[in-house]
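Trainee: I've got a protein model open and I'm a bit lost. Could you show me how to read it, feature by feature?

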Amino acid sequence: MSKNLFPWLFFAVVILLNNSTFGQKSTNVLTLEDIYKNNLYSAKGFGAIRWMKDNAGYSTIENNASTNGNEIVRYEVNSGAKKTLVSATQLTPAGASKPLGIANYSWSEDNTKLLIFTNTRKVWRQNSKGDYWVLDLQTNKLSQLGKGLEEATLMFAKFSPDGTRAAYVSKLNIYVEDLISGKITKVTTDGGDNIINGTFDWVYEEELDCRDGFRWSPDGKNIAYWQSDTKNVGTFYMINNVDSIYSKPIPLPYPKVGTANSAVKVGVISALGGETKWFKVPGDPTNNYLARMEFIPASDEVMIQQLNRLQNTNTVWIGNIKTMALTAILADKDDAYLDLHDNIVWLENNQSFTWTSEKDGWLHLYKVSRDGKQSSVITKGNFDVVNINCIDPKGGYVYYIASPENFTQRYLYRSRIDGKGEAERVSPKNLAGQHSYQISDDAQYAIHTFENAATPRRISLINLHTHTEIKLLQDNAALKAKMAALALRPKEFFKVDIGEVVLDAWVIKPKNFDAKKKYPVIFHVYGEPAGSTVQDNWGTGDNFWHQYLANQGYVVMSVDNRGTKVPRGRDFRKCIYRQIGLLAADDQAKAAKKIMTMYPFVDAKRIGIWGWSGGGQMSLHCMFRHADIYKTGIAVSFVAHQTLYDNIYQERYMGLPSDNAEGYREGSPVTHSGKLKGNLMIIHGTADDNVHYQNFELLVNELIKNNKLFSMLSYPMRDHGINQRENTTLHMRRSMEKFWKDNL
């Protein structure tokens with residue numbers, strides 16, 4: 001489902017082994033306790049890296065053992081010299097016994113002030129509120145923002161362009177604070193109850209990735225911001241039954257399919273306070289989404305992106321904050337749906353900008369004139385741009401990730417911004433797998449991460465022009481040694497031809513695999529447009545869990561059906577439009593049947609399937625509608641009926657229920673629950689604010705009505721990831737393991 005309906009990608013630990021371990025004698029045993037309780041097999045990263053403005057060094061956060069506090073240090077690219085930019089002592093408030101923790105930090109434009117985000121709290125999915133402190137590096141003064149406001153309520157603090165003030169949100173209003181005098185101005189005053197200023201409601205955050213809801217004007221005189229009115233949004237109530245003797249309802253404004261959204265608008269207000277001027281964007285504000293808004297550099301204009309309710313038209317407006325005039329310059333349209341892309345960079349003295357579109361059937365970057373009248377493709381070719389890494393106007397290139405030849409892998413390419421010439425591959429050909437890059441603004445250097453299904457993340461500083469390593473930052477040698485001791489079998493990738501299309505897949509076999517024997521097979525499925533399970537990388541999904549299951553005597557497989565998020569072109573991804581759950585599950589079933597004919601070791605009488613979230617929904621479809629294939633299944637945190645999920649996600653892929661009633665009915669697993677024949681286990685957290693526990697209870701009712709026997713497991717006050725409170729993750733995996741062993 002949405003990216004947060006892909007939870008095992010974020011919550012599960014990372015996988016696998018080095019190919020060199022194949023065939024070695026095992027000296028250790030892989031246990032669920034070591035995976036989920038002792039956290040023995042986590043891959044290490046290398047801090048949070050920021051390229052400095054001179055592009056000659058980068059900063060990162062490191063712990064100072066002597067003070068037991070975080071410091072911000074700089075490393076020079078060429079010499080490797082280390083310099084402490086901000087010490088733990090400098091980050092220790094007067095009278096405090098320890099330095100501030102650093103959740104995030106940012107510099108003022110002139111690098112003389114540092115903004116520290118600390119003492120954070122969760123809002124919906126992320127820790128986006130907390131306390132902010134400012135360190136003046138010229139005076140060494142450390143001061144807290146928002147004194148007098150409630151602790152840990154500040155959100156999205158950022159310096160004004162001249163660095164003399166900071167603006168932030170607290171309790172749904174926007175504030176501006178003078179950094180010299182400490183004077184705090186409450187810029188908006190109507191926030192509270194159903195009015196949200198400077199941030200967003202649940203569904204905008206979840207599905208449009210909107211959190212920070214205000215912007216300084218380039219001259220620092222004004223602030224443009226979003227305001228949401230949630231009065232028409234329905235309230236869903238979760239119930240806390242475990243933390244007191246009386247149950248406590250937890251209200252959540254949550255717009256379900258076909259219901260009213262918040263009324264959202266964009267306005268401009270003086271940084272000194274006063275009246276807000278509102279842009280009169282055409283269309284019903286509850287049936288259109290103001291998905292993006294940014295100032296055009298060095299101007300009094302904002303660019304606003306407006307998605308219609310069906311999310312198949314993105315209208316781009318230029319708004320003048322002085323006259324409040326609006327001009328439509330671009331309308332990107334698709335017969336199915338559009339995704340949002342944050343790849344806009346202004347070029348040619350702000351007379352053109354970059355824009356991402358699938359209008360030629362592939363996802364490409366374009367250059368568009370400021371008035372929208374002229375457009376030319378930059379990254380031309382029959383391939384998809386996976387993501388943009390760096391746009392270097394001075395050097396004349398855009399650097400991006402793509403994989404024209406192998407959809408499970410990722411490589412860095414570059415194309416000329418003027419559109420001349422062909423795409424050039426930058427990643428070396430001898431490193432097959434997935435590459436990611438954090439590139440300096442001048443495109444001279446990069447932090448390079450390489451991984452594949454047999455190699456944990458290897459992170460290094462490189463010269464981007466020659467792709468030569470300057471310094472190794474992390475190679476996860478200790479993890480590789482642990483994996484070698486386990487002597488597990490490598491994940492193997494293969495293709496499945498189901499007739500209409502050839503799909504990518506992988507398999508993990510038991511350590512003592514014997515091709516002459518018959519094995520039960522467990523398929524792991526996601527299948528929704530938000531993600532992919534078949535990727536040649538170290539960290540996709542529940543790979544250690546799958547290795548553990550393979551050690552118990554199962555063959556574990558996964559297939560990416562049509563509609564999954566892979567770089568195979570628009571038609572591959574969008575053919576599932578208006579039929580979520582249907583075509584995808586049918587592809588899975590066809591793939592399973594084909595695999596039975598491909599591999600004699602597959603026991604066709606013992607086929608299982610499991611998935612989480614969107615994968616839970618897909619597992620139910622396979623168990624109900626393809627009961628002749630799948631004998632046992634586990635569905636975790638699933639959508640039972642598509643109208644119970646949020647409107648932005650579900651309507652994007654299904655249209656409105658008023659014009660696709662059959663699609664919603666047939667695409668909902670609960671519709672087919674009476675067809676269950678095999679062994680089914682369903683699992684859900686009662687505090688799931690994403691896919692509500694209501695889905696679980698709705699399905700239970702239907703299974704009971706149809707006299708279907710099944711197993712169920714509820715986790716009180718756990719959310720979509722089912723990982724809160726003591727021993728939860730280990731308990732759930734043990735329960736799943738027992739179910740497989742009892743039934744498959």
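Mentor: A salt bridge is a side-chain nitrogen of Lys or Arg within 4 Å of a carboxyl oxygen of Asp or Glu. Keep in mind that this is a predicted model. Here, Asp742 and Lys738 make such a pair through their side chains, at 2.7 Å from N to O.

Trainee: Where do Asp742 and Lys738 lie?

Mentor: Both sit in helix H12, residues 728–743, and they are four residues apart, about one turn of the helix. Asp742 is exposed, and Lys738 is too.

Trainee: How many salt bridges does a search of the whole structure find?

Mentor: The search turns up 43. Some share partners: Asp334, Glu358, Asp384, Arg570, Asp571, Arg573 and Lys574 are joined into one network that way.

Trainee: Which parts of the chain does the pair Glu62 and Lys82 link?

Mentor: In that salt bridge the closest N and O atoms of Glu62 and Lys82 are 2.9 Å apart. The pair links distant parts of the chain, with Glu62 in strand S2 and Lys82 in strand S4, 20 residues apart. Lys82 has 49% relative accessibility, so it counts as partly exposed.

Mentor: Here's another one to click on: Lys593 and Asp628, with 3.9 Å from N to O. This pair also links distant parts of the chain: Lys593 belongs to helix H7 (residues 583–598), while Asp628 is in the loop between helix H8 (614–625) and strand S41 (632–636), 35 residues away. Lys593, at 45% relative accessibility, counts as partly exposed.

Trainee: Okay, sheets next. How do strands of a sheet pair?

Mentor: Strands in a sheet pair through backbone hydrogen bonds, and the pairing can be parallel or antiparallel.

Trainee: How many bridges join S2 to S3?

Mentor: Eight, between S2 (residues 57–64) and S3 (residues 69–76), which run antiparallel. To find your way across that pair, look at Asn63, which stands opposite Asn70 in S3.

Trainee: And how many residues lie between S36 and S37 in their hairpin?

Mentor: Four, and Gly499 in the turn has a positive phi of about 105 degrees. S36 (residues 492–497) pairs with S37 over six bridges in the antiparallel sense, and Lys495 faces Asp504 of S37 across that pairing.

Trainee: Is S37 mostly covered or exposed?

Mentor: Mostly covered: S37 spans residues 502–508, and six of its seven residues are buried. S37 is also joined by four bridges to S39 (residues 555–559), again running antiparallel. There, Val507 stands opposite Met557 in S39.

Trainee: Let's do a helix. Which residues of H4 are buried?

Mentor: In H4, residues 477–486, the buried ones are Leu479, Met483, Ala485 and Leu486. Look down the axis of H4 and those residues fall within an arc of 155 degrees, so they line one face of the helix. They pack against strand S34 (455–463) and helix H5 (543–551).

Trainee: What about a residue in a loop? Where is the place of Thr153?

Mentor: Thr153 is in the loop between strand S8 (141–144) and strand S9 (154–159). With 7% relative accessibility, Thr153 counts as buried. Setting aside neighbours within four places in sequence, Thr153 is in contact with Lys129, Gly130, Val169, Ser170 and Lys171. Take Ser170: it is 17 residues from Thr153 in sequence, and their C-alpha atoms are 5.4 Å apart in space.

Trainee: Zooming out, which domains does the domain assignment give?

Mentor: Domain 1 covers 48–179 and domain 2 covers 490–742. Their centres, taken over C-alpha atoms, are 42 Å apart.

Trainee: What does the UniProt annotation say about residues 108–456?

Mentor: That unreviewed UniProt entry labels residues 108–456 "domain: Dipeptidylpeptidase IV N-terminal". Over that stretch the model's chain is 2% helix and 49% strand, and the end C-alpha atoms are 36 Å apart.

Methods:
Residues numbered from 1 in each chain as written. Predicted model: local features only at pLDDT ≥ 70, side-chain atom pairs only at ≥ 80, totals over all residues. Heavy atoms only, no water. Pairing = 2+ DSSP bridges. Buried < 20%, exposed > 50% of the residue type's maximum accessible area, 1.4 Å probe, protein only. Domains from an automatic or database assignment. Arc of directions from axis to C-beta. Contact = heavy atoms within 4.5 Å. UniProt positions renumbered as here; feature names shortened; annotations may be inferred.
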